[in-house]
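Biologist: Could you put the model up on the screen and take me through it? I will ask as we go along.

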Amino acid sequence: MTALEQPAPRTRGLPLPRLGVSGWVIAGAIIVSAGALAPVVQNSIMTTQGRTIEVLQHEQKALHVEMRQLEAEIARLTSIERVARRAGEIGLVPNAQAIYVTIGETGPEPPKIPAEHLPESLEPGSGLAP
Amino acid sequence: MAHQQARRTGRVWLPAIAFTVFAGVVLARLVQVQVLEHDRYAEQARSELYASDTVFARRGAILDRNGFLLAMSTDTWDLYVATRVWTDDEAARQASEAIAAATGHDATYLRTLVQESGLVDVLVARDVPYDAGKALLDADVPGLVGLPNTVRVHPAGDLASSVIGIIGADNTGLTGIEAWYDTELQGIPGRVIFERDTTGSPIPYGETFTTEPIPGPDIVLTIDRRMQVAAEDALQRAVEKHEATRGSIIIMDPRNGDVLALATYPRLAFSELDLSDPEHVRLLRNSAVSDMYEPGSVMKVITTAAAIDAGLVTPETTYEDTGMTFVYGIPLYNWRNGVYGEQTMTGVLQQSINTGAVFMMEKLGVELFHEYLDAFGFGKPTGLDISGEAAGMVRRPTDPEWSPVDAATQSFGQSISVTPIQMVSALAAAINGGKLVEPRLVSAMVGRDGTRHDLPATVTGQPISAETSATIRQMLADVVNPGWYSPAKPFHYTAGGKSGTASIPIEGAYTEESQIVSFAGFAPVSEPRVLILVKIDENADLVTGTDAGGPVFAALVDEVLGYLGVPPDAEQVATR
C-alpha cells in the first residue's frame, strides 16, 4: 500500500477564546466610550483655548496700556512748555522782532498730520488744519 | 388540613391611597415647577449661577485743533486691602511695607487705616501708576486687591485748564469741556456676565458673555495750543504789570466763531487743585464766560453799528460835543470831562466820546436800540459749548429798576452787563459781514475707528447788513490808526479796535478808584482773521483800556497772524 502523500496540516494559531460577544457589541461599546470621552476632550480643548485667549487678552491689555503711556509721554515731550525750556537750555532765545520776506517760490511741505485729526475736506498729510 | 383564609379587609387601601395622594402632590408640584413656572425658576437659577458687572468705557481724549493732546486717560490701579487678612500682625507689616514702598504712603498709617476700619475691603491707594500697581499685584502681597481705574493726565500741563475743566473721582466731568461733553467723552459702558462660585467670584474658564464697551470719542477743540500759550503768557504779564486782580483774553476767528484761545488769570492749576480751598474752587469757574462786567466804551461799536445800519447816521455825520449832555434832566459827562467840539461819528469812536454815543442812541430811540441789542445777542447766553455761561443783563423799560437814563448810559457801556464771550460774539458780527455766529470750543469728534465728525459752525442771525459791517471795520481801523500815536497799533498788520474803561459800580455808585479796562480789536482790516478781546480787572495803576489792553492786543496780532502765515499788510515788506 502506497502511502499517499498528504499535505502537511496547516499550522493554525492558538485559538482565541470565544467570549461570546459579537463585534457589534464591541463597536457599540467603543462608540459609547468615545461619546462619553468626547465632552471631556472637548472641555479640555476649550479650557486650553480659553487659557490661551486669556493670556492673549492680558497681553493685548498690557500693550494698550503701554501704547497709551507712550502717547502721553510723546505729548508731554512735545508740549510747548518743554520745547521752550529745552530750547532755552541749549541757548536759543525767542525772536524779538520777526522780519517778513515775500518770495515767489512755493514754501516747504507743511508738517504731516494724522488723517483722523484732519477735517473731512482735507487729504491726509495736506498740512495744518484750517 | 383546613386552609385558613385571610379575612378580607379594606385597610390595605389606606397606604395605597396615601402613596397615590403623595405621588399626586409631587407630580403636581413638578408640573408647577417645571412647566407652569418654568421661566421664573429658570431665571432664578440663572441669577444664582451668573453675575454681571459694568465695564466702563475709556474716556475720550481732548485735543487742540491740530491734534495735540491736552487731556487723556491713562491706566491706574485702585488698591484695596482685605481687612481680615491683616489681622495677622506679621502679614500686615510685610504687606504694608511693600505697599508703602510702591505708593509713597507711610506703612504705619496704612496698618492703622486698615485695622481700625470696620469695612471688609479698605481703599488704601487711589490711581497708583499702572506699572507700580501691577508689580505689587504680581508680588502677591497678602490681602491686596487691585481694581483697574484710569486717571486724567494733561500732557501740556495747565494749558487751557479753565477750558478743559476737571473730572471727579468717578470719572464724571465736573467743569469746562469735561462737563459739557461728559456724555460723549464717557462713551457707552459695556457689560460682562460670568458664572460665579458660592463666594460670588468668577469661576475660572467658566462661561462669560461680554458686551464690549464703546470708548468715548476724542474731542477736537477749536483752541490752538500755540495761540493759547501766547494768550496766557500775555495775560499774565499784563495783569502783573498793571497790578490787576485778574483778567481774560479771548482770541476768536470772527468768520466762524472758533475760539482759538481763551485765557483767564489767575488760572486753575491741575496739579495743585485743592477743593477744600474756596479760592481754588472759584478758579473752577471760567471767568471769561461766567463773569459779567460793564463793557464801557467798547459798547460804542455796537451803538454805532446800530445807528448806521438803521440809516440814521453815517461815519461823516457831525454833532457838537460840549462835554456833557442832559438826559431827562440828568447830566451825562465824557470820560475825564473831555470837550471835543464838532465831531464826526468816526471821531466819536476815536475820542471815545460818551455824548456822541448818546447822540446816536437818541436818534435810534429806546425801542429800536434795544432791538439791536437783542439782535447782537446781549441778555442771553451765546450758546458757547462750555458749562456755566452767564446770560448777561440788559435793563429794559419793563424792568422795575428801569430809569429813563439807562438807555443813554447803555449806549456807552454802562447799566448793561455782558460776559467777555458775549462781547466778542457781538463784535464778531459787527465786523464779519454782519453775521452773528455762535462761538464754539469744539470743532470735531474723532471716533476710535478714526472717523472724524466735523461740527458745523452755526449762524444764528444777521443783526446788521454786510455794508454796515464794512463801514464799521473801516471806522475801527481809523480808531487804531487815528493819525497820532496809538499803543494798539500792530507792527506788521492793519487792525481795527476799540478800548473800554469802565468804573466798577459798588453799591449802586461808580468810583474811579476801581475799574475794568479792555481792548477789543481785529486784524487784518481787509479780511479779519482774528478778533481779540483783552480784559484786565481792577488795575491798580488806573491806566485806560487803550494803554493797558492796547499793547497786549498789538503784540498778540503780530504773533498770532505771523503764526497763521498771514502776509503782513501794514509795512513795507522786503521782496526778492
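Modeller: B:Asp127 sits in strand S4 of chain B, which covers residues 121-129. Bear in mind throughout that this is a predicted model.

Biologist: What is the phi of B:Asp127?

Modeller: The phi of B:Asp127 is positive, about 55°, although the residue is not a glycine. B:Asp127 counts as partly exposed, because 18 other C-beta atoms lie within 10 Å.

Biologist: And where is B:Asp140, the other non-glycine residue with a positive phi that I had marked?

Modeller: B:Asp140 lies in the loop between helix H5 (130-138) and strand S5 (144-153) of chain B, and its phi is near 55°.

Biologist: Is B:Asp140 buried or exposed?

Modeller: B:Asp140 is exposed, because it has 9 other C-beta atoms within 10 Å, and the limit for calling a residue exposed is 12 or fewer.

Biologist: Which peptide bonds are cis?

Modeller: The bond from B:Tyr265 to B:Pro266 is cis, with omega near 0°, and B:Pro266 belongs to the loop between strand S10 (258-265) and helix H10 (278-283) of chain B. A cis peptide bond also joins B:Ala523 and B:Pro524, where omega is about -15°; here the proline is in the loop between strand S22 (509-523) and strand S23 (530-537) of chain B.

Biologist: Switching to helix packing, how do H12 and H14 of chain B pack?

Modeller: Helix H12 (residues 299-309) and helix H14 (residues 354-364) of chain B pack at an angle of about 40°, and their axes are 9 Å apart. That angle makes H12(B) oblique to H14(B), and the crossing of H12(B) and H14(B) is left-handed.

Biologist: Which residues make that contact?

Modeller: From H12(B) there are B:Lys300, B:Thr303, B:Thr304, B:Ala306 and B:Ala307, and from H14(B) there are B:Ala357, B:Met360, B:Met361, B:Lys363 and B:Leu364. Sorted by class, the contact of H12(B) with H14(B) holds 6 nonpolar, 2 polar and 2 charged residues.

Biologist: Why is H14(B) described as largely enclosed?

Modeller: Because 9 of its 11 residues are buried, H14(B) is largely enclosed by the rest of the structure. Among the buried residues of H14(B) are B:Ala357, B:Met360, B:Met361 and B:Leu364, and these four residues also take part in the contact with H12(B).

Biologist: What follows H14(B)?

Modeller: H14(B) is followed by B:Gly365, whose phi is positive, near 85°.

Biologist: Back to H12(B): how does it pack with H17 of chain B?

Modeller: H12(B) and helix H17 (residues 420-431) of chain B pack at an angle of about 40°, with their axes 10 Å apart. H12(B) and H17(B) are therefore oblique to each other, and their crossing is left-handed. The residues that meet are B:Val301, B:Ile302 and B:Ala305 in H12(B) and B:Ala426, B:Leu427 and B:Ala430 in H17(B). By class, this contact of H12(B) with H17(B) has 6 nonpolar, no polar and no charged residues.

Biologist: Zooming out, which domains does chain B have?

Modeller: The domain assignment of chain B gives domain 1, covering 69-153, and domain 2, covering 225-564. Taken over C-alpha atoms, the centres of domain 1 and domain 2 of chain B are separated by 52 Å.

Biologist: I also clicked on B:Ala169, so where is that one, and is it buried or exposed?

Modeller: B:Ala169 is found in the loop between helix H6 (161-164) and helix H7 (176-180) of chain B. B:Ala169 counts as exposed because it has 10 C-beta neighbours inside 10 Å. The C-alpha atom of B:Ala169 is separated by 8.7 Å from that of B:Val151, and the two residues are 18 residues apart along the chain.

Biologist: Last topic: how many helices and strands are in chain A?

Modeller: Chain A has 2 helices and 1 strand, which follow the pattern α-α-β along the sequence. Buried residues make up 3% of the 130 residues in chain A.

Biologist: How many residues of helix H2 in chain A are buried?

Modeller: The number buried is 0 of the 10 residues of helix H2 (residues 80-89) of chain A, so this helix lies largely in the open. Just after H2(A), A:Gly91 takes a positive phi of about 90°.

Notes
Residues numbered from 1 in each chain as written. Chains lettered and ligands numbered in written order. Predicted model: local features only at pLDDT ≥ 70, side-chain atom pairs only at ≥ 80, totals over all residues. Domains from an automatic or database assignment. Axes fitted to C-alpha atoms, helices over the stretch in contact; angles between N-to-C directions. Parallel < 35°, antiparallel > 145°, perpendicular 65-115°, else oblique. Left-handed = near helix turned anticlockwise from the far one by under 90°. Contact = placed C-beta atoms within 7 Å. Nonpolar A, V, L, I, M, F, W, Y, C, P; charged D, E, K, R; others polar. Buried ≥ 20, exposed ≤ 12 C-beta atoms within 10 Å, placed from the backbone.
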